[in-house]
Amino acid sequence: MENSYVLYHDQIIKSGTIPVDPEDRGYLFGDGIYEVVFVYDRKPFAINEHFERFLQSANKLELAMPYDVSTFKQLTEELITKNNIVNGMVYVQMTRGVAPRNHLYERNMQSVVTGFAKSVSLDSIEKSQSQGIQTYLTEDIRWLRCDIKSLNLLGNVMVKRRAADFDCQEAIQHRDGTVTEGSSSNVFIVKDGKLKTHPATNLILNGITRQVVLKLAEKIQVPVTEEAFSAEELLEADEVFITSTTMEVTPVVKLKGDQEQTYKIGPVTKELQKQFKHQIQLNSSAMKS
Ligand SMILES: Cc1ncc(COP(=O)(O)O)c(C=O)c1O
C-alpha cells in the first residue's frame, strides 16, 4: 500500500503511519465489524445499504459508533478520491477498541476505525461472469450469528482455502444438507424458471448484492422464494449463481466436494447479470447529477 492513503479514526492519512495496538480487541478476539464497498467509475455502489448494515452489525454487537453513518460515507468517498480509485473497493473496519485483555467487554469503549482503498481490474470479474466458476460444497462449520458482518471469519477462510485446494474459486456451505451461503457470497438456484435463495436469518449474511438481485428478479418478473433449499435441490438445479460485492452475479458451472455436478449458464442468470450492470450504470449517473 505504498503511497496510498488510509483511514484512521476520522482522518485520511498516509499509509504506514497507523499505530497498531496489540491489545486492540479486533486482534485479540476478532471483536469488530467491517464493510466492503465496490467502486465503479469513481462512485461507491450501494453505499447507503452498506453503511446501514454496518450500523446494524454495530448494534447487534453493542459496538459504539464513534460517528454517524453519514460521516462514514463521507470518509469512504474521501478514501476513493485521495487514492484516485476508478474501479476498485473500499474496506472499512471498526473494532471495539483497546483494553487490557479480558473476554468481558465494557460497553461504550472508544472504537478503532481503520480502512483502505484498492484499485481492482474488472477483467477478472468479467471473466468469471462470462465463463462461470467452480465451487466446492462443504459443511458449514461457522457460528450461529452469520448475519453479523464480524471480523471473525475463520470458518469462512478455512472453507475458502479448501475450495482453492480443489481448484474452486468459492466454497458453497451446507448445514446438515441445507445450503446456507458461500464463504464470501450468497447462493441462488434456478429451477423451472423460479429463483430460490436462503432466507435472511442468523445463518447467512444478508448480502447487499443479494438484496439488489432479489429486487431485480421481481422487476423482471422472475418468481423468487427466500426459502432454504437442500444439497439435493442444488444438485438438481437448472442454474446456480453466487452474488457478492466483488463478484456481482457469477454463474456456477461446476460443483465439487460433498457432491459433484456441472451446470450451464442459463437465461435467468444472464438476464440478472445484465440487469445488475444496468443498476451499476444507474448508480453512476445518479451520483454524477
Ligand atoms: C459470508 C458472506 N456472505 C455473503 C456475502 C455477500 O455480501 P455482499 O453482497 O454484501 O458483498 C459476503 C461478502 O463478503 C460474505 O462474506
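Modeller: Two strands count as paired if DSSP finds at least two bridges between them. Strands (E, at least two residues) and helices (H or I, at least four) are DSSP runs, numbered from the N terminus. The model is predicted: local features need pLDDT of at least 70, side-chain atom pairs count only at pLDDT 80 or more, and totals for chains, interfaces and linings use all residues. Residue numbers start from 1 along each chain as its sequence is written.

Start with S5. Strand S5 (residues 88-95) runs antiparallel to strand S3 (residues 32-40), and 8 bridges join them. In this pair, phenylalanine 38 has methionine 89 of S5 as its bridge partner. S5 also pairs with strand S6 (residues 112-119), again antiparallel, over 8 bridges. Here methionine 94 stands opposite valine 113 of S6.

Now the whole sheet. It is open, has 6 strands, and pairs in the antiparallel sense. The order is S2-S1-S6-S5-S3-S4. Strand S2 (11-14) and strand S4 (43-44) are the edges, each pairing on one side only. Strand S1 (residues 5-8) runs antiparallel to S6, joined to that strand by 2 bridges. Tyrosine 8 finds its bridge partner in S6 at threonine 114.

Next, the helices on this sheet. Helix H2 (residues 47-60) packs on the sheet and touches S3, S4 and S5 (contact: C-beta atoms, placed from the backbone, within 7 Å). The direction of H2 makes about 175° with that of S3. Such angles run from 0 to 180 degrees between N-to-C directions, with axes fitted to C-alpha atoms, for helices over the stretch in contact. Helix H3 (residues 69-82) lies across S1, S2, S3, S4, S5 and S6. H3 runs at about 135° to S5.

Helix H5 (residues 154-165) has other strand contacts to follow. The buried residues of H5 pack against strand S7 (133-139) and strand S8 (170-175). They are Asn156, Val159 and Ala163. These buried residues fall within an arc of 75° seen down the axis of H5, so they line one face of the helix. The arc is taken from the directions from the helix axis to the C-beta atoms. On the other side of H5, Leu154, Val157, Arg161 and Asp165 are exposed. Buried means 20 or more other C-beta atoms within 10 Å of a residue's own, exposed 12 or fewer, partly exposed in between; C-beta atoms are placed from the backbone. Just after H5, aspartate 167 takes a positive phi of about 65°.

Notes. Contact = placed C-beta atoms within 7 Å.
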